[in-house]
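Hi everyone, thanks for making time.

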Amino acid sequence: MKQMIALLTAMILLLTLPACGAQPARTARDREVFAMDTVMELRVYDSSDAVLDEMDAALAALSRELNAEDDNGGLYALNRAGGGENAALADLVRRAAALSARTGGALDVSLHLASLAWGFPSKRYSIPTEADLTELANHCGMRLVSCAGDRITLQNGAELDLGAIAKGYAADCCRAILERAGVSGILSLGGNIQTVGKKPDGTDWTVAIQDPDDPGSYLLTMTVTGTKSVVTSGDYQRFFERDGARYCHILDPETLSPARNGLRMVTIVADEGFLADGLSTALFVMGLERGIEFWRAGNDFEAIWLTEDGTVTVTEGLEDRISYKNAEVVRR
Ligand code: AMP
Ligand code: MG
């Protein structure tokens, strides 16, 4: 009997030890990093800075590797050489090509030369002539991009620009780091929001969507449960104005000119960052009507559109999640 009591006492001690403070508490830890040309805010609920350090390093590497303007990175080298072997980039380009096909070409990661012609990367803006655009059309388009195994081939001097999916892919990489460590958090990668896991207090995450007319305030907020990616593309994120007209950084692959179709912004909510980011760009190109049709044809994302007349349109899955009162709701 004595032995039994001793054993029970030992077991109770063992069971209670972790709760007595052996495990440091998980508190909110924040870090701001500059990567991919933007300020990123990382918040994790953890007992150390380890996952913040790991994400910081991953974001710096991706920022270099995926940026067509960084002469130390893989994408830059690929564009200069008209292709090459790079397993990670080949995988990414293959996925981008599949999403391009699914979006009827609205997503097109082969438009780097067109972006350069408009001056978006350098911020030295100019408006190409019709003749310039006709000539550019020979060097832009997914028909010029092919992947075989780890090898990417770029024909006719075409160059890749992964700006439309890079932050979403980076969010997926950060999410994997957090999930491996069993840590929850919320990341803002310059307009791409990634939630991972549950907030420690068990409540939903709240994500705010910027007001295009007043980037210091919010158009609406949205509740998000668990792990999701919320990505916004808009005409206010990078643009220039000439003679009262606005030229934004998202190009219509059919005209190689800034998309202009009555939309101010599109927000996509999806399980995966790559998908949400790629679709936010593609649906911005499509405009409202085509975007709604596209949403009806799929089942892996929800969307919010803001048009120039100030109307907010939302897909039914987000109807009860957004704070905006007068949204038009589209149903399947
Ligand atoms: P995002 O801010 O995610 O909508 O991506 C916009 C960025 O993607 C631009 O700054 C360009 O680098 C690139 N881009 C512009 N137009 C397109 C397009 N139609 N498809 C894919 N990438 C594009
Ligand atoms: Mg995008």
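The centres of domain 1 and domain 2, taken over C-alpha atoms, are 23 Å apart. This is a predicted model, so please keep that in mind throughout. Domain 1 is made of two stretches, 27–63 and 165–330, while domain 2 covers 69–157.

How many residues does each domain bring to the contact? Domain 1 gives 30 residues and domain 2 gives 23 residues. Interface size is often quoted as the accessible area lost when the parts come together. Here, domain 1 and domain 2 bury about 2300 Å² between them, and 72% of that is on carbon and sulfur atoms. On the domain 1 side, the residues that lose the most area to domain 2 are F240, L256 and F274, which together make up 26% of what that side buries.

Let's turn to the polar side of things. Between domain 1 and domain 2 there are four residue pairs in polar contact, counting pairs with both residues at pLDDT 80 or more. Which elements of domain 1 supply at least two residues each to the side touching domain 2? They are the helices α7 (166–181), α8 (273–286) and α9 (288–297), plus the strands β11 (239–242), β12 (245–248) and β14 (257–258). Of these, α8 has the largest share, with eight residues. Sorted by class, that side of domain 1 holds 18 nonpolar, six polar and six charged residues.

Now the charged pairs. Two salt bridges cross the interface of domain 1 and domain 2, and the structure as a whole holds 19. In one salt bridge of the structure, the side chains of R102 and D300 come together at 2.9 Å, N to O. Another joins E159 to R80, with the closest N and O atoms 2.9 Å apart. That pair links distant parts of the chain: E159 sits in the loop between β5 (151–154) and α7, R80 sits in helix α3 (residues 74–81), and 79 residues separate them.

Last stop, the aromatics. The whole structure has seven aromatic pairs. One of them is F120 with F240, a tilted pair at 5.8 Å centre to centre with 50° between the planes. Happy to take questions!

Conventions: Residues numbered from 1 in each chain as written. Chains lettered and ligands numbered in written order. Predicted model: local features only at pLDDT ≥ 70, side-chain atom pairs only at ≥ 80, totals over all residues. Heavy atoms only, no water. Domains from an automatic or database assignment. Contact = heavy atoms within 4.5 Å. Buried area = accessible area lost by both parts, 1.4 Å probe. Salt bridge = Lys/Arg side-chain N within 4 Å of Asp/Glu carboxyl O. Polar contact = N/O pair within 3.5 Å; in protein donor to acceptor, adjacent residues only side chain to side chain. Helix = DSSP H or I, 4+ residues; strand = E, 2+ residues; numbered from the N terminus. Nonpolar A, V, L, I, M, F, W, Y, C, P; charged D, E, K, R; others polar. Phe/Tyr/Trp six-rings, centres within 6.5 Å; stacked < 30°, edge-to-face > 60°.
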